[in-house]
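Subject: Structure for you to look at

Hello,

Here is the structure I promised. Please open it alongside these notes.

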Amino acid sequence: MSTAGEGTLQKMQRAHYSPPWANTSIIGIAGSSGSGKTSLSLAINSSLSLPWVVILSMDSFYKPLTPEQSQAAFRNEYDFDSPEAIDFDILVERLRDIKEGKKAEIPVYSFEKHSRLERTTTIYSPHVLILEGIFALHDERILDMLDMKIFCEADADVCLSRRLVRDVRERGRDIEGCIKQWFAFVKPNFHKYVEPQRNVADIIVPRGIENKVAISMVSDRIHKTLVLKSKMHQIELKRLGKVAEDL
Ligand code: C5P
């Protein structure tokens, strides 16, 4: 029942709290390392105020390294900024499972070890999945599954300084190594592979979480998509019921 003065947004939100939710809406957020993709994902998540939103980082899908590759990684001489470094096949498989309402086991990645851990985490068909990563808008198969494509933009010097602080504080790195990796791989591959994803984005968000207008536009749009999907789902259920009656 609708209450007096209730806003459209609240009505939309109430319309489909009906798990399990097949056909999860997937939002892709790409952008440079240090551009604020994770913060933007968290801001969109809190502005959505839906119960079942999951943020999935593409970092979970870095390929396992050979012993030689691992040694190069510890010398900051391994290229983690080429799409070759990501296991897109597994990622696509997991996203398809999630879209179909199946649960998906997600690898847990350690930046300190440059490898996956033994354990995994499980995702159970959310309403919305936010896929964030430098290559979130790179693979055609993933683009086909996305309901919204976002490119997160920030100045290169902002990205570099954020990355330095984070990698030293949280990823067990030293400044010299970070700078070496930035100029050898991160910066050139940004221009080669990451930046071109702007061309397939629906929305380019400058200034990340400071950009309140963009965040509220994104969350309004997601609510509308969910309401539409919910209505189509109900029509389909009615149609199936009718078919069963006719048999
Ligand atoms: O979180 P963010 O988008 O910055 O993560 C992607 C970055 O992580 C890439 O630019 C890559 O250079 C870095 N990376 C790393 N060591 C790894 C895996 C990825 O420095 N083992």
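Start with the contacts. Among those in the protein chain between residues at least 6 apart in sequence, 78% join residues at least 24 apart. Bear in mind that this is a predicted model.

The overall picture comes next. The protein chain has eight helices and seven strands. Its C-alpha atoms fill a box of roughly 65 × 40 × 30 Å along the principal axes. Of its 247 residues, 47% are buried. The chain exposes about 13,200 Å², and carbon and sulfur atoms supply 55% of that area.

Helix H8

H8 covers residues 212-246, which makes 35 residues. At 1.5 Å a residue it should span 51 Å. Several H8 residues are buried, among them Ala 214, Ile 215, Val 218, Ser 219, Ile 222 and His 223. Thr 225, Leu 226, Val 227, Lys 229 and Ser 230 are buried too. As background, an α-helix has 3.6 residues a turn, so residues three or four places apart point the same way.

A nonpolar patch

Val 168, Ile 175, Ile 179 and Phe 183 make a nonpolar surface patch of about 320 Å². Helix H7 (residues 175-194) gives the largest share of the patch, three residues. Ile 175 lies in H7.

Ser 33

Ser 33 sits in the loop between strand S1 (25-31) and helix H2 (37-48). Is Ser 33 buried or exposed? Ser 33 counts as buried, because its relative accessibility is 7% and the cut-off is under 20%. Its side chain makes a polar contact with the side chain of Arg 163, at 2.8 Å. Leaving aside neighbours within four places in sequence, Ser 33 is in contact with Ile 134, Cys 159, Arg 163, Arg 166, Trp 182 and Val 186.

Two positive phi values

Asn 76 has a phi near 60 degrees, a positive value in a residue other than glycine. Asn 76 lies in the loop between helix H3 (67-74) and helix H4 (88-99). With a relative accessible area of 11%, Asn 76 is buried.

His 114 is not a glycine either, yet its phi is positive, at about 55 degrees. Look for His 114 in the loop between strand S3 (104-110) and strand S4 (115-123). His 114 is buried, with a relative accessible area of 5%.

Best wishes

How values were computed
Residues are numbered from 1 along each chain as its sequence is written. This is a predicted model: local features need pLDDT of at least 70, side-chain atom pairs count only at pLDDT 80 or more; totals for chains, interfaces and linings use all residues. Side-chain values use heavy atoms; hydrogens and water are left out. Helices (H or I, at least four residues) and strands (E, at least two) are DSSP runs, numbered from the N terminus. The expected span of a helix is 1.5 Å times one less than its number of residues. Buried means under 20% relative accessible area, exposed over 50%, partly exposed in between (1.4 Å probe, protein chains only). Patches are made of residues with over 30% relative accessible area and no salt bridge: like charges are joined within 9 Å, nonpolar side chains (Val, Leu, Ile, Met, Phe, Trp, Tyr) within 5 Å. Accessible areas come from the Shrake-Rupley method with a 1.4 Å probe; for residues, only the protein chains shown count as cover. A salt bridge is a side-chain nitrogen of Lys or Arg within 4 Å of a carboxyl oxygen of Asp or Glu. A polar contact is a pair of N or O atoms within 3.5 Å; within protein, one must be able to donate a hydrogen and the other to accept it, and residues adjacent in sequence count only if both atoms are side-chain atoms. Contact means heavy atoms within 4.5 Å.
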